[in-house]
Amino acid sequence: MKNLFIYTFGCKINQYESQIIREKYCLKDFVYVDNFEQADVIIINSCSVTAHADKQCEQIIKKFHAKNEEARIILTGCFAKVSKDKILQKFPFIEILMKEEILKDTEQEIKNFDNHSRAFIKIQDGCNSFCSYCIVPYARNIMWSKPVDKIIEEINNLTNTGYSEIVLTGIHIGKYDKGISYLLSQIYTNINKPFRIRLSSIEVNEITDDLINIMKEEKERFCHHLHIPLQSASDKVLKDMNRKYLSKDFLDKMILLKQNFPDISITTDVICGFPTETDEDFDITYKFLKDNEFARLHVFPFSPRQGTKAYLLKQVYKNGQSKIRTDKLLNLSKELEQSYFNKFAGTVRKAVSLRGNKALTDNYLTIENIEKHSGIFEVEVK
Ligand code: SF4
């Protein structure tokens, strides 16, 4: 038997797909090892969401090859897909395999998820929204949705083996072919167990009344948390980004969600330093984020990706501004996070165990120094 090692960059989808690859190859042909220096085959599951992600991947290829020259190094994932020729020129020793060649049977399911109490499952792949800054639609252009019965089977198996929180992930889960609300209703009707579902991320215009109604009906089994990418609150920048909403639409949806779920945690993504973002646009975004009690921000400095429309846009602000804006938003995120946490201090919430004596509440608060529990348990926020 040969030794296999997998290194994963990027999003939850990549983590999920690495687990599928691990389970598939380790069924009969390989033994999984935790040290790349002992591996006969190294698979690098790459990401290409930013130029920094590409650079990190190149560094790891160099390191693995320098320290384990004998190993076959196979590169898969988004970086492999969008930069194949460049990579082969730079690293002639590497083999490139597209994800679809490895994961031929896309309906596969996982049995384990790295020993957390939470398991991510992939329900959908692909995006055709073409936000002007995003390389993903070029790397993952095939739209695919996992059949409802397969998802129910996968959740059933994972909950039977002790996973209490299932995170539904995808590249663009609002594009699930049968509708995310229909999927949720089928899951809740067919699985009658104490477990809970969290959505990894959903676009604001895909939060429908049906979805809100299901969240209300299943308030014990649906986490009071939504991650809704805002990206900018300037309508001009949103238009340049090819995002299909105005900041007012976003605000209206937030108000509606908070009316229905006063404790809901709303987290978001923001891009700083988009080429057409003026100081005034940035101030609009900053104010919007500060005024509307987001629970946490994921802040991304703009990264020009060749092949996207935004790559060709002229930058309207001085060099160095993007970093200043990013730092400002990172500080704001800390303030918002603390203020959301303080609102719940002393209350009791439902949680699942995380690694390292931590617990994660339904409304996405991490509580430290908590003994490991199985299942969903009550925890005081402190
Ligand atoms: S919705 Fe936009 S940001 Fe998200 S993956 Fe699709 S193109 Fe990229």
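By salt bridge I mean a side-chain nitrogen of Lys or Arg within 4 Å of a carboxyl oxygen of Asp or Glu. E17 sits in helix α1 (residues 12-25) and R140 in the loop between α6 (136-139) and β8 (144-145), so this pair ties together parts that are 123 residues apart in sequence. Helices (H or I, at least four residues) and strands (E, at least two) are DSSP runs, numbered from the N terminus. Over the whole structure, the search finds 24 salt bridges.

A quick word on what we are looking at. This is a predicted model, where local features need pLDDT of at least 70 and side-chain atom pairs count only at pLDDT 80 or more, while totals for chains, interfaces and linings use all residues. Residues are numbered from 1 along each chain as its sequence is written, and side-chain values use heavy atoms, with hydrogens and water left out.

Now the layout. An automatic or database assignment sets the domain bounds, giving domain 1 (2-102), domain 2 (107-223) and domain 3 (224-344).

How do domains 2 and 3 meet? Their C-alpha centres lie 24 Å apart. Counting heavy atoms within 4.5 Å as contact, 24 residues of domain 2 touch 30 residues of domain 3. The area buried between domain 2 and domain 3 is about 2,300 Å², and carbon and sulfur atoms give 59% of that; buried area is the accessible area (1.4 Å probe) that two parts lose on being put together, summed over both. On the domain 2 side, S132, Y133 and V204 lose the most area to domain 3, together 32% of what that side buries.

Which residues form the salt bridge with closest N and O atoms 2.6 Å apart? They are E203 and R243, and the rule finds one salt bridge across the interface of domain 2 and domain 3.

Finally, the ligand. Taking residues with a heavy atom within 4 Å as near, the shell holds C127, S129, F130, C131, Y133, C134, V136, P137, H172, E203 and R243.
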